[in-house]
Amino acid sequence: MRYSRQTAFAGLGESGQQKLSAARVAVVGVGALGTVAANCLARAGAGFLRLIDRDYVELTNLHRQMLFTENDARRRIPKAAAAAARLAEANSEIVLEPIVADFNAANAETFLSGIDLVLDAVDNWECRFLLNDICRQKEIPWIYCAALAAEGMTMNFLPGHHPCLQCVVPKQTLTGLQPTCVTAGVLNMAAGAIASIQAAEAVKILTDSPTVRQGLFTADFWNNRFKTIPFEQDADCPVCVHRRFDRLTLPENIQVLKICGQNTIQITPFPPRRFDLENLAGRLQSAGKIDRQPFMVSCETEHHRLTFFSDGRALIENAADEGQAKSLYAEYAGT
Ligand SMILES: [Zn+2]
């Protein structure tokens, strides 16, 4: 009944709907792209959605991240949790699993276990190449998607004799300064449209449709240019041909990352550690104003805001540089 206006579409039908409800999908990144793609799939009845995101909602997200409200931003609710709560109100018949964590080499295999399809909705190449490695190794199809300014692009990466991300984007072309959503901006229609196209491909892949797109689809919504660029598998590709998955090697030390578009530095400890948030909140009591949430605890001091997650990670706002962020982490959380 719920899906009658969808199953009436001949391309899907009742059998497609059944495949959808049996499907297990991971959405990596729940921002401008992930909120839209997850919204499409949740309402369409994809049976299980694992929503993975490391961040919390902020005011500057609201123009394009379609599942969030001002209240989420005020309360700094983690995006994965806020999205899951909102989607549960739209469809209580599916399973939604929010994961508030950084997707990295230490947890990639666990987070993608039992998953049939992965949607890339992240904002950085490092994470996409990690997705490429783990999905190739485990032979899970995944769908690349990105949006910037008024443009978007997406490509299906399927196991077997199909090109992978490494075949399409050799690493050397990615060095140098890349524009970001801060410097170039991003229109919500561009992000929403390309994420909807990604979700359409997801439904086709999950229901074994013969119309799954090959090649890289690019769209410039401002200048009305749309094209599909074909790609072949690189016969010498280190990842999909020689099956070398270097990015799955665990880093030996703490990882420091400047978060795209924010005055925030992320610290991820390696080997991974876990925080007892209750205990940590108690210890930070004397250092500043404490805000305890289900997935995190933050401490606002005179100059900084430090937010700690149970996976050992921290977001440090207003640190002068990476060095200071590392020392603040050590100072407040210990090493
Ligand atoms: Zn390849």
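# Exercises on a predicted model

Asn318 is partly exposed, with a relative accessible area of 42%. In this scale, buried means under 20% relative accessible area, exposed means over 50%, and partly exposed lies in between (1.4 Å probe, protein chains only). The model is predicted, so that local features need pLDDT of at least 70 and side-chain atom pairs count only at pLDDT 80 or more, while totals for chains, interfaces and linings use all residues. Residues are numbered from 1 along each chain as its sequence is written, and side-chain values use heavy atoms, with hydrogens and water left out.

## Exercise 1: Backbone angles in loops

**Task.** State the phi of Asn318 and of Asp208, and locate each residue.

**Solution.** 
Step 1. Asn318 is not a glycine, yet its phi is positive, at about 70°.
Step 2. Asn318 belongs to the loop between strand E14 (314-317) and helix H11 (322-333). Helices (H or I, at least four residues) and strands (E, at least two) are DSSP runs, numbered from the N terminus.
Step 3. Asp208, also a residue other than glycine, has a positive phi near 55°.
Step 4. The loop that holds Asp208 runs between helix H9 (188-206) and strand E7 (216-220).
Step 5. Asp208 has 55% relative accessibility and therefore counts as exposed.

## Exercise 2: The zinc site

**Task.** Identify the residues that coordinate the zinc ion and name the geometry of its site.

**Solution.** 
Step 1. The SG atoms of Cys164, Cys167, Cys237 and Cys240 coordinate the zinc ion at 2.2 to 2.3 Å. Donors are N, O and S atoms within 2.8 Å of the metal (3.2 Å for Na, K and Ca); water is not among the atoms, so sites may look incomplete.
Step 2. The angles among the four donor atoms are 99 to 122°, and the site is tetrahedral. Four donors count as tetrahedral if all angles lie between 85 and 135 degrees; four count as square planar and six as octahedral if opposite donors are over 155 degrees apart and all others between 65 and 115; anything else is irregular.
Step 3. The spacing of the donor residues in sequence reads C-x2-C-x69-C-x2-C.
Step 4. Cys164 has a relative accessible area of 0% and is therefore buried. Cys167, at 11%, is buried.

## Exercise 3: The second largest pocket

**Task.** Describe the volume, the lining and the location of the second largest pocket.

**Solution.** 
Step 1. The volume of the second largest pocket is about 350 Å³. On a 1 Å grid over the protein atoms alone, a cavity is a set of points where a 1.4 Å probe fits but cannot get out, and a pocket is an open set with protein on both sides within 12 Å along at least five of seven lines; lining residues have an atom within 4 Å of a point. Grid points are joined across faces, edges and corners, and a volume is the space filled by probe spheres set on the points.
Step 2. The lining of this pocket has 20 residues, and those nearest its centre are Ala101, Asn107, Phe111, Arg274 and Asp311.
Step 3. Strand E3 (95-100) and helix H6 (108-111) are the elements that give two or more residues to this lining.
Step 4. Ten lining residues are nonpolar, five polar and five charged. Ala, Val, Leu, Ile, Met, Phe, Trp, Tyr, Cys and Pro count as nonpolar, Asp, Glu, Lys and Arg as charged, and the others, Gly among them, as polar.
Step 5. The pocket lies between domain 1 (4-229) and domain 2 (255-333) because both give residues to its lining. These domain bounds come from an automatic or database domain assignment.

## Exercise 4: The largest cavity

**Task.** Give the number of cavities of 30 Å³ or more and list the lining of the largest cavity.

**Solution.** 
Step 1. The count is one cavity of 30 Å³ or more.
Step 2. The largest cavity holds about 40 Å³ of space.
Step 3. Its lining consists of Asn132, Cys135, Arg136, Ile140, Pro141, Trp142, Phe157, Leu158 and Pro159.
Step 4. Helix H7 (residues 125-138) supplies the largest share of this lining, three residues.
Step 5. Seven of the lining residues are nonpolar, one is polar and one is charged.
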